[in-house]
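Hi there,

Here is the structure I promised to pass on to you. Have a look at it first, and then read my notes below.

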Amino acid sequence: MGIENLIAKLLASGADLSTRSAVRAVLSLMGEDEELADQIYVELKNRAYSEDFAKVPPEKRAVFIPQCLRNFRECPAELGEYGFECTKCGRCPVGSIIEVGERLGYRQFYIAPGGSLVKKILKSKVPKGEIKAAIGIACWPELAEAAEKLSHLRIPLQAVPLLRAGCINTLVDVKRVEEILSLGIMSERRGSKVPSIESSPTLGF
């Protein structure tokens, strides 16, 4: 059964789908693959929070980019207080993602080497009102964990899964990232000058 059909089946069941463990339990009772729980949970959260996310101005949206998308052999970025500081050298898709975001009004991009730094950023900036929404690019388990934590903070998350996970050479659908970046932002503001990320998906070498 496809993911869309499975999500529809779960929603029609009226079961509690508010947590990862609840989704896993319902899948088990239905005889479906429990390994799909994180993916389904993230997709449900994306749908549930898309409207709230779209209402947040781009400068209040944080974009969390995994360091594994960098060209780790040639990346000139240095590690700063809040992650790697991209130089937009063109050797990986990270710089292009940031350029598109900046054209749309985004100001907060965090290339985080680990979850502990993400927690530090959220702890520092959410109470000050600097972050009111987030975009996360990561593997399914990490996105599911982030979705749970951010829901407790009342921070709407839009998640983009890696097409290939791992510590290096990961893969992401950059067109999907661009679509999420654009949510809620008027097309006339974007105009024709917003750069498009050319290849989809794109590999971080």
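Phe64, Tyr82 and Tyr110 are linked into a cluster by ring pairs. Two rings of Phe, Tyr or Trp (its six-membered ring) pair if their centres lie within 6.5 Å; planes under 30 degrees apart are stacked, over 60 edge-to-face, and the rest tilted. This is a predicted model, where local features need pLDDT of at least 70, side-chain atom pairs count only at pLDDT 80 or more, and totals for chains, interfaces and linings use all residues. Residues are numbered from 1 along each chain as its sequence is written, and side-chain values use heavy atoms, leaving out hydrogens and water.

The whole structure has three aromatic pairs. One of them, Tyr82 with Tyr110, is edge-to-face, at 6.2 Å centre to centre and 75 degrees between the planes. Tyr110 is buried at 7% relative accessible area, while Tyr82 is partly exposed at 23% (buried means under 20%, exposed over 50%, partly exposed in between, with a 1.4 Å probe and protein chains only). Tyr106 and Phe109 make a tilted pair, since their centres are 6.3 Å apart and their planes at 40 degrees. Tyr106 is buried at 0%, and Phe109 is buried at 15%.

How many disulfides are there (cysteine sulfur pairs within 2.5 Å)? The structure holds zero. The closest cysteine sulfur to that of Cys92 is in Cys86, 6.0 Å away, too far for a bond. For Cys139, the closest is in Cys68, at 8.1 Å, also too far for a bond.

Happy exploring!

Notes: A disulfide is a pair of cysteine sulfur atoms within 2.5 Å.
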